[in-house]
Amino acid sequence: MGWTLSLFVLFLSSAYIEMTVYGIQPGYLWQVLAYTKGEPALAWLNYLSPLLLSGILWLLTDRLFYAAAVSCAVHQILSYVNTLKILYRDDPLVPKDLLLFREAAVAASDYSLKMDWACLTLISASVAGLILAGYYVKSRSLNKGIRLLGLIAMAGAVMAANDHLY
């Protein structure tokens, strides 16, 4: 697989991750999409995160599908945790909550969480599918210079997005 097809796969896998994250969120998917239609910038911001993470991991490892699998797992698991937190605490997941993981694990041991097996199946199948694709579909390695320039550009994009968009 050449680099142009690899870029297409990067953009497509990031769109897939964004759509599955929407599907994992509480409520109906059509409601989320209707809200996003009214706020198009939100759709782009939600797309940018998996795109940048997948891109950075791809440039670091030179393995596109494995990078997309890691990005998919991160985004979908955080989306599922957000859904659980909203359902049980009526409070969305915020970055500060990630620092309180140990306290959350202790508190969760007192609760009986009802697992959403459809979401867990979606997460598992998505990650497994991307890993299998990485095993069977080989892409041409990128030149180290191009990878380094891409990493610098992606790191700059992450910092700019963090400072000005998020």
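**View 1. The D62–R147 salt bridge in a predicted model**. D62 and R147 pair up as a salt bridge, with 4.0 Å between the closest N and O atoms; the term asks for a side-chain nitrogen of Lys or Arg within 4 Å of a carboxyl oxygen of Asp or Glu. Searching the whole structure turns up 1 salt bridge. The two partners sit 85 residues apart, D62 in the loop between α3 and α4 and R147 in helix α8, and the pair links distant parts of the chain. Both D62 and R147 are buried, where buried stands for under 20% relative accessible area, exposed for over 50%, and partly exposed for anything in between (1.4 Å probe, protein chains only). A note on the numbers: this is a predicted model, so local features need pLDDT of at least 70 and side-chain atom pairs count only at pLDDT 80 or more, while totals for chains, interfaces and linings use all residues. Residues are numbered from 1 along each chain as its sequence is written, and side-chain values use heavy atoms, leaving out hydrogens and water.

**View 2. A closer look at D62 in its loop**. Is D62 buried or exposed? With a relative accessible area of 7%, D62 is buried. Its backbone is worth a glance too: phi is near 65°, a positive value in a residue other than glycine. Another positive phi turns up at D90, the residue that follows α4, with a value near 55°.

**View 3. Helix α8 from end to end**. Helix α8 covers residues 144-164; helices here are DSSP runs of H or I with at least four residues, strands are E runs with at least two, and both are numbered from the N terminus. Its 21 residues reach 30 Å from the first C-alpha to the last, close to the 30 Å expected at 1.5 Å a residue, the expected span being 1.5 Å times one less than the number of residues. At the start of α8, N143 puts a side-chain oxygen within 2.6 Å of the backbone nitrogen of G145.

**View 4. The two sides of α8**. Which residues of α8 are buried? They are R147, G150, L151, M154 and A161. Looking down the axis of α8, these buried residues fall within an arc of 105°, so they line one face of the helix; the arc is that of the directions from the helix axis to the C-beta atoms. An α-helix has 3.6 residues a turn, so residues three or four places apart point the same way. The cover over the buried residues of α8 includes α3 (40-61). On the face turned away from the buried side are the exposed residues L148, L149, I152, M159, D163 and H164.

**View 5. L42 on helix α3**. L42 is partly exposed, with a relative accessible area of 30%. Leaving aside residues up to four places away in sequence, L42 touches Y22 and Y35, a contact being heavy atoms within 4.5 Å.

**View 6. Helix α4 and the whole chain**. At 1.5 Å a residue, the 26 residues of α4 should span 38 Å, and the end C-alpha atoms are 37 Å apart, which agrees. Zooming out, the protein chain has 8 helices and 0 strands. Of its 166 residues, 33% count as buried. The C-alpha trace spans about 50 × 35 × 35 Å along its principal axes.

Conventions: Polar contact = N/O pair within 3.5 Å; in protein donor to acceptor, adjacent residues only side chain to side chain.
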